[in-house]
Amino acid sequence: MTRNARDRFVGRAAEREVLGERLRVAAGGAGQVVLVAGEPGVGKTRLAEETVADARSLGMATAWGRSTKEAGSPPYWPFRQLARTLGDAGELSFVDDSEARERFRLFESVTDYLGAAAGPSGLLVVLDDIQWADPASAGLLTHLAMGIGGTRLMVLATYRDTETHDALRTALATLAREPLVTRIRLTGLTEPEVARQLAGVTGWAVPDSVAAAVCRRTRGNPFFVGELGRLLADSREHGQLPDGVRDAVRDRLARLSQPCQQVLATAAVLGSEVDAPALAFATGLGIEEVLTALDEAAAAGIVDGDRFTHDLIRESARLEVATARRLVLHQRMAEHLMDRADAGTRTAEIAFHLLESLPAGDADLAASWAERAAAQAMTQLAWEEADELYGRALATGARLTPAQRCRLLLAQVDARVRAYDMDGARRSLTTAADLARREGDAETIARAVLTMEGVTDFLWDPTGRALCEEALAGIDEADSALRARLLALLVSADAWRSSIDLDAASAEALAMAERVGDRRAIVEALRARQMARSGAGGATDRLALGDRMLQVGQDDDSALWGHLWRFDALAQLGEIDRAEAELEPIVIISDRLRSPLARWHACRSRAAIAAVRGRFAEAIEIGLQSKALATGAGHEGALFPSVGFLMGVRALTGDLDAIPADLVEWHTTNVAKASTKALFALWELMLGDREKAERLYRALPSFDTMPAFMMLSSLTGTAELAAEFSDRTTAADIHRRLAPYADLFACGGAGVVAITGSVRLGLGLAAATLGRLDEAVRWLRECAEINERAGVPPWTTTARYHLAAVLARRKRPGDLDEAAALAASAAAVADKLGMAPLRRRAQELSDSLTGSGGPAKLTRRERQIAELVSQGLTNRQIAAAAHIGERTVETHVQHVLGKLGFTNRSQIAAWVVGGQLGTEAP
């Protein structure tokens, strides 16, 4: 790049030192990403140019890619430029094909390509102005940052932090957690640096008062300083300053010849790149006149090659063009591009210029090209851009038939669902359905409602159910793929209220889909069957359905659902290790799909495992990601469980003030409030408001109104409240409903967000409430053992605390001693896990059983067991040595742990080896 010799680089010593060090690290084989942020004109691009020079001095190759805010640029535009610069764009296909349909594969190919391009000498890639990058490019940057650690590649990305969009903000938040990412924010130059820059521009040392005035007026922004400096250099009255920087730029442009001003104004309107043939066509000037004008502009420092030297200059030039003239220029530019041989590859540009020519241009032509550009964006997985283009096509005022308008609306729904904009998807879908209804077109109504396949959405389900029934009534065929898919969707939409026989309806849909042999219909019927079998009795069936989905489905969407169903079923079957093994394929597939909805499912699954394993900080972090995804999408079906999960985890940890009041209010008034009142009653109980907790509890609806897939979680959660308020009637109902499912774990049957251990906990609590203490002891003892084998320490400890409480009530010989040990052990483990409420309750129980609150004394038998533990013997070996049962050994070990305040056998061994066995207490 060339620069005016007077405009030398000033300041940024600290930033250049950081960048130089990052370059050397990258050249050494540890890839780096540096993000440079700041306001317009602060010198981000110029700093990048200096870094390019430094990289070349180290022998590194360099390449640039620039984003533009012009809507005509195709998706991945900065990366396309990189590929072109590096000389073999053929290796990268940004167009969908049979081998690279998912974003993940594309992102991987770009990462591999750039890593290989770095070679042994290294490569610096500059991505300039990423505040204008399309969402797909922002996602690709994030992926790139995560995959270049072992390469000699450095990515330097600049952006205006005053103009970031949602996709970029999400990318920046993700990048902030990556260890190889460095962030730099540029601010204004100091007054001495301003003085040096002014001297370089004007050729003379400006008075201190002038430098101070310029610094104050520009806040040290180098671009603004340079513009005022040039004005000073051209003025005989040194020291005169205009009121605004734009005035300085306007004055500078006004000094050019009239043809040059005309060409620059046209170029500024048409795009960020200066294309001489296009300018000649748009202005009506000859190519020689255009080239002469551009030479004049280059000599004045207005353009540099095929670009304006700064986008602020371009913006100032563009604002000087009247609206009517801008419309004509865009129309002429579209005509020029459509006449080119490569028009097929410039769909987005042509659509942009046609759309910008409205209302003066051809609305029908603009709508047609916008639809083509949107469809192309969909094949490139640039869903956000496709959504915008479909919307602009609809808004052109073109003479669209109702069928054409429906087609555009439904395509927009597809784009919005994939981009996880559920609010927008609902609006477009409803509009399309209304149009189809007015036309009496049942098939289009069917296609409309089927765009929401695979999405659970409280706000949409009632409307979706009604549309399914309307479409079914209007379709004459007895057997068809369309009818099978509608029947399947009706089951999913009705799962919350169970007003139809879901089992029979889903079986009918699957049978019909198999008769017609349509793979898509079979996939959707399997989804309906999974929802129909989401009750506690269907876990084994759902595991088999997941396996079948993996066999039948031929795409990542189907594979994701297959693994998710397996995860949910395995969690409910209590096979937590196997459920956790499903996380890896779930995460890999969700990354490939690059769908926020798929990412939400991956997050909710990971969070559930983190919480049940006792990794609460990790669970909350992932839970917050889930909530953010659901909130951004306006998706109630995901927001409801995300907020509930966070409340549940924070209730376990005692972080009771962490959820904002507005979310609490939202949750209590939500459409699913019947299933959340129990959670809020427990919440109020932990806060100490027993009266409010009991009011919420007494208002709980009948379990018969509960969706089948939430039943186990609701029953076990309510069992603790029934025990707290001595509600024998409810306890009996809970016990009756839970008894057939004692071997399962309490969690949802579809879309698991929380796993709360063995169902035996609810059975034990219910039995205790009914006064059947022997039974309660049996259930709770088995619950603790099962939870421990499954590796779920929070619920193992919870079961042991409740077992201690029941033993303290029963008071048979040895019960109080065992209760004291269990309570002390539970308090110690809860403390280690960070479960403050449980630790407090267990400690209170322990203190009440040991009198003074000090440690209980070890019995002779317990001292014997402790010594055998210190020898590294297993429970079975100790049982043989002491001539007692293995379960009795386990009880004694728990007593020892509790009495000594220890959490594991190694601590017992250390205590014995330390010579304290002869004492009665540690």
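Let's start with a pair of charged side chains: Arg-16 and Glu-50 form a salt bridge, with N and O 3.8 Å apart. The partners come from distant parts of the chain, since Arg-16 belongs to helix 1 (residues 13-27) and Glu-50 to helix 2 (residues 44-57), 34 residues apart. Keep in mind as you look around that this is a predicted model.

How exposed are the two partners? Arg-16 is partly exposed, its relative accessible area being 27%. Glu-50 has a relative accessible area of 17% and is therefore buried, as the cut-off is under 20%.

## The protein as a whole

Stepping back, the protein holds 46 helices and nine strands. Of its 922 residues, 57% count as buried. Among contacts between residues at least 6 apart in sequence, 68% join residues at least 24 apart.

## Other charged pairs

How many salt bridges does a search of the whole structure find? The count is 53. Side chains of opposite charge can pair when their charged atoms come close. One of these pairs is Glu-514 with Arg-548, where the closest N and O atoms are 2.7 Å apart. Here too, distant parts of the chain are linked: Glu-514 sits in helix 24 (residues 502-516) and Arg-548 in helix 26 (residues 539-552), 34 residues apart. Both ends of the pair are partly exposed, Glu-514 at 38% relative accessibility and Arg-548 at 28%.

Arg-346 and Glu-349 make another salt bridge, at 3.1 Å from N to O. Arg-346 is buried, with a relative accessible area of 19%, whereas Glu-349 is partly exposed at 25%. For one more arginine, look at Arg-592 in helix 29 (residues 583-593). Arg-592 counts as buried because its relative accessibility is 19%, and buried means under 20%. Its side chain makes a polar contact of 2.8 Å with the side chain of Asp-556.

Which of its residues are buried? They are Leu-168, Ala-171, Leu-172, Thr-174 and Leu-175. These residues cover an arc of only 160 degrees around the axis, so they lie on the same side of helix 6. An α-helix has 3.6 residues a turn, so residues three or four places apart point the same way.

The other side of helix 6 carries Asp-166 and Thr-170, which are exposed. As for the buried residues of helix 6, they pack against strand 1 (32-38), helix 5 (135-147), strand 4 (153-160) and strand 5 (181-185).

## Helix 19 and what covers it

Just after helix 19, Tyr-420 adopts a positive phi of about 65 degrees.

The buried residues in helix 19 include Cys-406, Leu-408, Leu-409, Leu-410 and Ala-411, along with Gln-412, Val-413, Ala-415, Arg-416 and Val-417. What covers the buried residues of helix 19? The covering elements include helix 17 (363-379), helix 18 (383-394), helix 20 (422-439) and helix 21 (442-450).

## The largest nonpolar core

In soluble globular proteins, nonpolar side chains tend to be buried together. In this model, the largest nonpolar core has 256 residues, and the members that touch the most others are Leu-486 and Ile-755. Helix 30 (residues 596-612) gives the largest share of this core, eleven residues.

Leaving aside neighbours within four places in sequence, Ile-755 contacts Ala-571, Ile-576, Ala-608, Ile-609, Val-612, Phe-745, Ala-746, Cys-747 and Trp-795.

Finally, turn to Pro-192, which is found in helix 7 (residues 191-202). Is Pro-192 buried or exposed? Its relative accessibility is 53%, so Pro-192 counts as exposed, the cut-off being over 50%. The C-alpha atom of Pro-192 is 8.8 Å from that of Ala-212, a residue 20 places away along the chain.

Definitions and conventions. Residues are numbered from 1 along each chain as its sequence is written. This is a predicted model: local features need pLDDT of at least 70, side-chain atom pairs count only at pLDDT 80 or more; totals for chains, interfaces and linings use all residues. Side-chain values use heavy atoms; hydrogens and water are left out. Helices (H or I, at least four residues) and strands (E, at least two) are DSSP runs, numbered from the N terminus. Buried means under 20% relative accessible area, exposed over 50%, partly exposed in between (1.4 Å probe, protein chains only). A polar contact is a pair of N or O atoms within 3.5 Å; within protein, one must be able to donate a hydrogen and the other to accept it, and residues adjacent in sequence count only if both atoms are side-chain atoms. The arc is that of the directions from the helix axis to the C-beta atoms. Contact means heavy atoms within 4.5 Å. A salt bridge is a side-chain nitrogen of Lys or Arg within 4 Å of a carboxyl oxygen of Asp or Glu. A nonpolar core is a set of buried Ala, Val, Leu, Ile, Met, Phe, Trp, Tyr and Cys residues joined through side-chain atoms within 4.5 Å.
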